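User: Please take a close look at one part of this structure. I want the backbone and the side-chain surroundings in one connected account.

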Amino acid sequence: MKNIILIGFMGAGKTEVGKLLAKKLKMTYIDTDDIIEKEQGKSINDIFAKSGEESFRDMESAVVDGLADMKDHVISTGGGMILRPANVKKLKKLGPLVLLWANPDVVYKRTKGSLARPLLNVDDPKKSIKNILDFRMPIYRKVADLEVDTSVLSPEEACNRIMAYIKGDK
Ligand code: S3P
């Protein structure tokens, strides 16, 4: 089977839904942020602080290159992965892009208190969430093959929605 690619903003539930989905479909879960952290031997925070966001985006693109020919994986991507059209093009070859989405209030509730996300580790995270979402939402929507709103669905329900789509998609 092809892969399922999860895209979407921080706090949209990619990790939780992705792991559950992989279990249900007997696929392997991977996360592009985890791959980068392992390869670099540094946290995402350290990479942003020491090398800057652009270097991190280059690392993301390199990870996508390394995924070519992959099968049977649920691939969770960092929230900014779709910012580079070349990444989107390569990911689309690997499987459908499923957008997990949550409204800004839900994103804020889910991400507050975590220091692991440099883009939200700022004085006014609510404002950042809104600003980044406003910019990215049209891109997420444009590239997505399926949209799932996790503000209103449980992880279980989100998986069911994705599995129904996959069945119909074969
Ligand atoms: C980012 C999202 C993060 C991580 C990095 C940048 C973004 O991943 O890649 O902090 O630009 O939205 P998650 O979406 O998995 O939190």
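Analyst: Lysine 26 counts as exposed because its relative accessibility is 75% (exposed is over 50% relative accessible area, buried under 20%, partly exposed in between, with a 1.4 Å probe and protein chains only). The model is predicted: local features need pLDDT of at least 70, side-chain atom pairs count only at pLDDT 80 or more, and totals for chains, interfaces and linings use all residues. Residues are numbered from 1 along each chain as its sequence is written, and side-chain values use heavy atoms, with hydrogens and water left out.

Lysine 26 sits in the loop between α1 and β2 (helices are DSSP runs of H or I with at least four residues, strands runs of E with at least two, numbered from the N terminus). Its phi is positive, about 55°, although lysine 26 is not a glycine.

Aspartate 31 is buried and has no salt bridge (a side-chain nitrogen of Lys or Arg within 4 Å of a carboxyl oxygen of Asp or Glu). The nearest side chain of opposite charge is lysine 19, 7.1 Å away; Lys and Arg count as positive, Asp and Glu as negative, while His and the chain ends are not counted.

What does aspartate 31 cap? The N-terminal end of α2: a side-chain oxygen of aspartate 31 lies 2.7 Å from the backbone nitrogen of aspartate 33. Its side chain also makes a polar contact with the side chain of tyrosine 29, at 3.4 Å (N or O atoms within 3.5 Å; within protein, one must be able to donate a hydrogen and the other to accept it, and residues adjacent in sequence count only if both atoms are side-chain atoms). Leaving out residues up to four places away in sequence, aspartate 31 touches Thr15 and Ser76 (heavy atoms within 4.5 Å).

Now the pocket. A pocket is an open set of points on a 1 Å grid over the protein atoms alone, where a 1.4 Å probe fits, with protein on both sides within 12 Å along at least five of seven lines; lining residues have an atom within 4 Å of a point. Of its 36 lining residues, Met10, Gly11, Thr15, Asp33 and Arg117 are the closest to its centre. α1 gives the most to this lining, with 4 residues.

Just after α2, glycine 41 takes a positive phi of about 65°.
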